[in-house]
Amino acid sequence: MTITHHPGDETLAAFAAGTLDEPRSVVVAAHVALCPHCRTTVAAFEQFGGTLVERAVPVASRAGALDEALARLDKAAPLAAAIRQAEPDCPAVLAPYEVGQWRWIGPGVHWRRVEVPESEGTRVFMLKSAPRSSLPHHGHSGVEWTCVLQGAFRHDLGRYGPGDFDEADNTVDHTPFVEEGDVCICLVAMQGTLQLRGWLGRLLQPFVRL
């Protein structure tokens, strides 16, 4: 597997530091799990962050800080116990989350919701497209991050195969087309809505609720 499209260093640094919102972190985590190059980069950022912590000047903690931290850990314990194995056709990073059933949204195209808490209107879902299918020409009202899990698609900005990371915003209009071969399955974090273009897009827009 050759991965040619990656998140930027700023994104990977935020992921390593834990400052990315949860929906986008899930998609970056799926890419990092597939990409040795980005795993190395994230490990380097984590090591650098650990070094900064070690060199920080110690300060006295405020009264009750330890008790508050222990209470938060106790509250999180039931959530950890609820983590299960991911569904057979889901990446391991989705194990902590409920995943819905596949639903038809167009010829050869299905989607399923992933119950990741939304952040600033960003939500997570999986998209499954049959070989030689395509989405209508569209733009975006917000940011869309995609990690390809299986299969491959192309659009004006290149080819995206297993492990590749695609980032689009409101400056990007494209028409993704799925290659022959495997069904294309992607994990997506999307803010805002798809904005379908052309007469066909205007016809389909009321029915597309990703």
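**Cysteines, strand pairing and helix packing in a predicted model**

Cys35 has a relative accessibility of 1% and therefore counts as buried, since the limit for that class is under 20%. The model in which this value was computed is a predicted one. The cysteine sulfur closest to that of Cys35 belongs to Cys38, at 3.7 Å. A disulfide requires the two sulfur atoms to lie within 2.5 Å, so the sulfur of Cys35 is too far from that of Cys38 for a bond. Cys147 is likewise in no disulfide, and its nearest cysteine sulfur, in Cys186, is 7.9 Å away. With a relative accessibility of 0%, Cys147 also counts as buried. Over the whole structure, the number of disulfides is zero.

The protein chain contains five helices and 11 strands. Its length is 210 residues, of which 38% count as buried. When contacts between residues at least 6 apart in sequence are considered, 66% of them join residues that are at least 24 apart.

Strand β3 covers residues 122–129, and seven of its eight residues are buried. The strand is therefore largely enclosed by the rest of the structure. Strands of a sheet pair through backbone hydrogen bonds, in either a parallel or an antiparallel sense. Strand β3 has an antiparallel pairing with strand β2 (residues 109–119), made over seven bridges. Within this pairing, Val109 is placed opposite Ser129 of β3. A hairpin is formed by β2 and β3, with two residues between the strands. Glu120 lies in the turn of this hairpin and has a positive phi of about 55 degrees. Strand β3 also pairs with strand β10 (residues 184–191), again in the antiparallel sense, over eight bridges. Here Lys128 has Ile185 of β10 as its bridge partner.

A separate description applies to the strands β7, β6 and β9. These three strands make up an open sheet in the order β7-β6-β9, and their pairing is antiparallel. The edges of the sheet are β7 (158–160) and β9 (177–178), each of which pairs on one side only. Strand β6 spans residues 153–155 and is joined to β7 by three bridges, the two strands running antiparallel.

For helix α1 (residues 9–17) and α2, the angle is about 105 degrees and the axes are 11 Å apart. Because angles of 65 to 115 degrees count as roughly perpendicular, α1 is described as roughly perpendicular to α2. The residues that meet in this packing are Thr11, Leu12 and Phe15 from α1, and Ser25, Val28, Ala29 and Val32 from α2.

The mean pLDDT is 81, and 72% of the residues reach 70 or more. Helix α2 (residues 22–34) has the highest confidence, with a mean of 96, whereas helix α5 (residues 198–204) has the lowest, with a mean of 49. Over residues 204–208 the pLDDT is below 50, and this stretch has seven contacts in the model beyond near neighbours in sequence. The pLDDT also stays under 50 over residues 76–83, where the model has two contacts beyond four places in sequence.

Conventions
Residues numbered from 1 in each chain as written. Predicted model: local features only at pLDDT ≥ 70, side-chain atom pairs only at ≥ 80, totals over all residues. Heavy atoms only, no water. Pairing = 2+ DSSP bridges. Helix = DSSP H or I, 4+ residues; strand = E, 2+ residues; numbered from the N terminus. pLDDT = per-residue confidence, 0-100. Contact = heavy atoms within 4.5 Å. Buried < 20%, exposed > 50% of the residue type's maximum accessible area, 1.4 Å probe, protein only. Axes fitted to C-alpha atoms, helices over the stretch in contact; angles between N-to-C directions. Parallel < 35°, antiparallel > 145°, perpendicular 65-115°, else oblique.
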